Each structure stands twice: as C-alpha cells, then as structure tokens.
Amino acid sequence: MVYSKLFTQDIKFLAGVGPKRAEILKSELDIASFGDMLYYFPYKYVDRTKFYRCNEIRGNMSHVQIKGKITSLESVGEGRKQRLTAMFSDGTGIIELIWFKGIKYVQTQLKSGGEFIVFGKPTAFNGRYNIVHPELETVAEHQLNVAGSIQAFYITSEKMKRSYLSSKAILKIQSNLQSSLKDVYETFPAWFVEKLKLMSLKEALKNIHFPENNEQLKRAQFRLKFEELFYIQMKLLSLRSKRLEKFKGHVFQSIGDVFNRFFHECIPFELTNAQKKVLREIRKDVGNGHQMNRLLQGDVGSGKTLVALMTMLMAIDNGTQACLMAPTEILANQHFKTISELLKPLGLNVGLLTGSTKQRARKELHSAIEDGSMEILIGTHALIENKVKFKNLGMVVVDEQHRFGVAQRAKLWNKNTIPPHVLVMTATPIPRTLAMTLYGDLDVSVIDELPPGRKPVKTIHYFDNKRKLVYDFIRKEIKSGRQAYIVYPLIEESEKLDYKNLQDGYETVRKVFPEFEIAMVHGKMKPAEKDAEMMRFKNKGANILVSTTVIEVGVDVPNASIMVIESSERFGLSQLHQLRGRVGRGADQSYCVLMSSYKLSKESQIRMNTMVRTTDGFDIAETDLKLRGPGDIDGTQQSGVGFNLKISNLGRDGEILQFARNIAQEIMKEDPLLQYDKHRIFSRELKKMKQTTFNWSVIS
C-alpha cells in the first residue's frame, strides 16, 4: 500500500504524461494516479551492460545489444507501405535495421551520425540477420538512460505504442515518479521488517523499477510479493475468525440410527481411507457449535457424492433437513436417482425439484418441505426460489459450486434462522497455492484416492496420421459391448483455424461407423434436446456420442470405455482432465486418446506429456497453474473470486505464499482482533484493503 496522497494525484499531472496519455493509461492499464503507476511493475529485466558483436548473433536470441555505425540508409515506398532500412556494422559483420513506423523521427535521429547503440530481437531473413523497430540511442544517450546495469521492461498495448507509450516511455515516466517516493510510508511495523530482514518499502519500490544490481532486485521482488500475499492471507484469516465468532451453527450432537444403518446396511463397498478421513473432519465441524463451511475437493469418480450423502444423513439424525443443489437438470436427476436408490432400505423421503417439475408435483414438494416431512431435497436453481421454505434446514451441499453465482448461493444459505452447515464440492482439482488464496477462509478437505476396483484411465497421444488405428480400436471396443465419446473443440467453422468442427466431425463419424448408432450433443441445443441425446447414449440407444465440452460435467455412463479428444492441443489441461473423467466410471479398463496435429507449441507438448504421464488431478492442476496462470484456471473466473495480484504469481510463488500464510497464522493466533499496539499497522492496512473478494465463508 502507498500513502493515499499518491493515489489521489491524477496521473495527467505527472511529467511525461499529460491529458491525452492519461486517458490511454486509464483505458488500457487502469492507471489513474501516481500510485497506480508506481505499482505498475515490469514484466522482465535485461542486463544492458552486455554487448554482442555482429558475428555473435544467432536467431534464437531473445535480444542483442550492439555498438556500431550506420553504413547505409534507404527509404523504400510511400505512405503506409513506406519502410526505412539501414545497414549497421561494428566491424565484425553487418545487421539490417528496419522501421515501418516513426520513420521521420528515426531519420532525424540518424542525422547526428557517429556511434549508435542498437537493441532488439534479431531474426534471420534471406541469409542475413535483421532487427525490426530496434531501440536506437547515441552512446551518450545510452549512458544517461540506462540507470544501473539492469533495465526494466513493461507490457504495453498497440494503442499505447501508437501514442509513443512504449516500454521505454513508461520507464521514463517511472523515472519522473521517483521523487514521489518520499511520500511513501512503511506498511509493516519496524519490528516486523527487522525480524524478517525485509527491504524497506521505499527501497523496494525504487529497486523494482531501477535495480541497482541483481541482488537488490531479488530483495525488492521478495518484499513486494510477500507484502501482497501476506495481506491477502491476513484478510482471509480475519474473515474466518469473524465468521466463527459471529455465526453459530446447528450442533449435531450424535451420529444416530439413520447414519449407522446406512453405513452398515446400504453401502455396497468399503469406504476409502480418504473418504473416512473427510467424514471425520466433517463430523468434528458439525459438532462444535459453529457453522461449517467446508470445501470438498476430489477428482471425478473419487466418491464425493457418497460423502455428501452421509453428511446429509448426519443432519437428518439431528432433526434437521438437507438439500443438494446441482448446476444442471441432468446432474440433479443423476444425484436423485443415485441417492434414492441407496436410501431405499431406510424409507427416507427424498424429493427432486428442477425447472421441469410439473406444477402439481411442485406444490406437493413445497408443502412437504415446509412441514418437514421431506427430509432431503435435490435440485437445481429451483431450490433457491422464494416459494421453497424449509421447516428446519441443517445442511446445504452445493455440487460444482463455481457454476453458481454468489447471489444464488446466498439465497440458499439464508433459508434458515440458524445458518445451515455448508459443504461445497468441486471435481476441478485446485492447486494448493490457489486454494490457499481463493478459499483461505474455508476449511478444505481432499479425497485423493479412487474407490477400490477402479482402474486408472490409460491415456495415449496420437498424431492425426494414426486416425485409422484409433477408429479400429473404437470399433473393437464397441463390438465388445462398450461405448465411446468423441469430443470436438468447435461448433462452427472458423476461417483462421483448420480444426474440424463438430458438424463435420459428426458426418465423418457416421461415414466411418455406418453400422453404429451415433448421438450428438452441443451447447447450442435446447436443454431438452441435449438431455434426450445424453439419455439415449446412457441407455445404450447410441454407441458413440459426438460432443463438445458440454459433457465435461454430466451424466455418468459406466459403460463408456473410450474417450477420443480431437484437436486436443486446443484444450487446457484441467479441461482435458475433466473430459477424461467421463470414462473409467466402471470396472473395465478405459482409454483416453488425445488426437493432435504435428504442429505443437512447447506448452501443448507439455500438456500432452502431462496427460499421458499422470491421472492425478492435483498434479495436473499444479502444472496447469504454472502454464496458464491463476486467472485462467477453470472455475476461478466464473466464481466471482479474484485477487488483483500486481506482482505475485501463484504458479511460481508458492513458497512465498506458504511463508506469508504461516506468518499471518502466527499473528492471528496471538491477536485475532489485531488489538495490540505492535499490530496496529496490520489493522490499518487491512482496513484500507479493497474488497477484492467476496466473503466465501458467508455466502457459499
């Protein structure tokens, strides 16, 4: 945090900005004040003391810096097609410099003659290296502009560049801002800075833009990353502390007859150790007098639904009702069928409420819910309607919670005088570092073990030339009584992408497999049509389901043993893993085949290798976080939760995050309300923090 005066000073009054540039900075980077600019951090640094010779240049270099002279200059074409080319030599060889924009300015620059320093990325073309739009300075300018040995680089947009707001221009503006560092005050107590041997905030903000050396840069980065992550953790732990203090919950004093009968008579298999561990954690939560707010993570097929059902039975044993909300009708129907079947020997009253529920049945359900005779209600968004009134709701389970809006969950949460206990489930494994940040105020349980008898899905990566082999394998599996999914990334053809779209894929599959029944599902179908096709596949009316990713979270088809993902390089890791989870639901060996073109980027190759290497969802999620960053991980954007991290990266800064959380926990344990004098600065900074996240503990 910076002294508020900096955050109220309009950026247009900063030297080098002005009204026009201020508008662009606001629209492109959301920079409106001096402080915003100070906290706009570089994305990379380059050592500007290193010089190369022309004969040392190679095409794989990210940048080079050369000192030499212009030997020839030529302007070709007119108007928009004009370009300026210069031959540049340092005596060991020649490199071509090319400009398509700002030509008049460059020509003026070059008139001075003498030695120049050129900086940019070299590219090989027609047997010679060139640099397009290089940075160009005289030796004197270079010595003046490059403060210290390390130069910072800033991300800029095309619109910014058109207004001459290049990375170099941003660096110049940051230079003009350095005098304002006198208005920055420390955001940590002096004893805390000394104890952790941190760089001061002023020194960190100076060295992050103008590093004195590599060591000072690392210390500045650590200080700013630690501060950012520390205050997020303090905020989350503070919210959790307040929730436990404020919200009392139902006390489920006993594990009763219903739970015990179900455990001994109704479960057709032994629970895994992971399931037992999670049930113990939940049992402890619901008996301590505080409202439970627990996140249950586990891969597809790990047995989360059974744990959720047994949690709901705890509520029934203690005289309250329970409900389970699912994101789609087809998933709600699946839960209803599974749970009703399991509970049949116990004679419990289980209801289903969705958008398709007929009016007469709806009235009967409403009445049974209100008088308490309906013990468990399963449904979709229909559960949150005002007409749905529970007699005494004790347990709320939300499946695939990130698919519901915050306001929707809040309505369900408020359906009881005493807040119901809340269990939110997700089959999207969340990396440890992300979970600590997104769900830092929730208790987290993980089922990291598959039920006995389940065989891990075998994953194979094939290039397109192996298609016949794959088709023959599908035919063999279907003839042995199995079913197959074939997933495509697109619905409509795109001129820019040469991937097969779903419609073409469907026609191809029909031609290749004329002897089989083919179903098709995609996002543009009406829900009723989509459900009908899915049920046709589930009931073995179709041998192959051609689909887009709408099956990512969907109905269980234990008989489906093969999943083919076309153009798999277009999918993220988490999505590939979710899709793979559609097979392997039965006892038979299942397969996931990743089809791709030969042209794979480095990241795509890592994704393919990771999928083939492991079926561990958490391992995959960690790799995905490193590849894509936290903003793109499935579920975090839709959930309405996001911290505007200025410098930290949850994929790379896990150790700093863990350290920050440990320190924050020590402080909150000693002084939960931050009332001690030595913690006063922490309290002040927390109050200043913007509410960048919803309080999950209150609205889950």
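Before we start, here's a sorting rule: Ala, Val, Leu, Ile, Met, Phe, Trp, Tyr, Cys and Pro count as nonpolar, Asp, Glu, Lys and Arg as charged, and the others, Gly among them, as polar. The model is predicted, so local features need pLDDT of at least 70 and side-chain atom pairs count only at pLDDT 80 or more, while totals for chains, interfaces and linings use all residues. Residues are numbered from 1 along each chain as its sequence is written, and side-chain values use heavy atoms, with hydrogens and water left out.

**Exercise 1.** Describe the lining of the largest pocket by class and by element.

*Solution.*
- Step 1: know the term. On a 1 Å grid over the protein atoms alone, a pocket is an open set of points where a 1.4 Å probe fits, with protein on both sides within 12 Å along at least five of seven lines; lining residues have an atom within 4 Å of a point.
- Step 2: look at the residues. There are 49 in the lining, and His-133, Glu-135, Ser-166, Ser-167 and Lys-168 lie nearest the centre.
- Step 3: sort them. You get 21 nonpolar, 15 polar and 13 charged residues.
- Step 4: find the elements. Helices (H or I, at least four residues) and strands (E, at least two) are DSSP runs, numbered from the N terminus. Those giving two or more residues include α4 (103-110), β5 (116-120) and α7 (167-177). The largest share, 8 residues, comes from α7.

**Exercise 2.** Work out where the buried residues of helix α19 (residues 502-512) sit on the helix.

*Solution.*
- Step 1: list them. Leu-502, Gly-505, Tyr-506 and Val-509 are buried, meaning under 20% relative accessible area (1.4 Å probe, protein chains only).
- Step 2: look down the axis. The buried residues of α19 fall within an arc of 100°, so they line one face of the helix. That arc is taken from the directions from the helix axis to the C-beta atoms.
- Step 3: see what covers them. The cover includes β18 (483-487), β19 (518-521) and β20 (544-547).

**Exercise 3.** Place Gln-9 in the chain and find what it touches.

*Solution.*
- Step 1: locate it. Gln-9 is in the loop between α1 (4-8) and α2 (18-29).
- Step 2: list its contacts (heavy atoms within 4.5 Å). Skipping neighbours within four places in sequence, Gln-9 touches Ala-32, Ser-33 and Phe-34.
- Step 3: compare sequence with space. Gln-9 and Ala-32 are 23 residues apart in sequence, and their C-alpha atoms are 8.3 Å apart.

Note on methods: Buried < 20%, exposed > 50% of the residue type's maximum accessible area, 1.4 Å probe, protein only.
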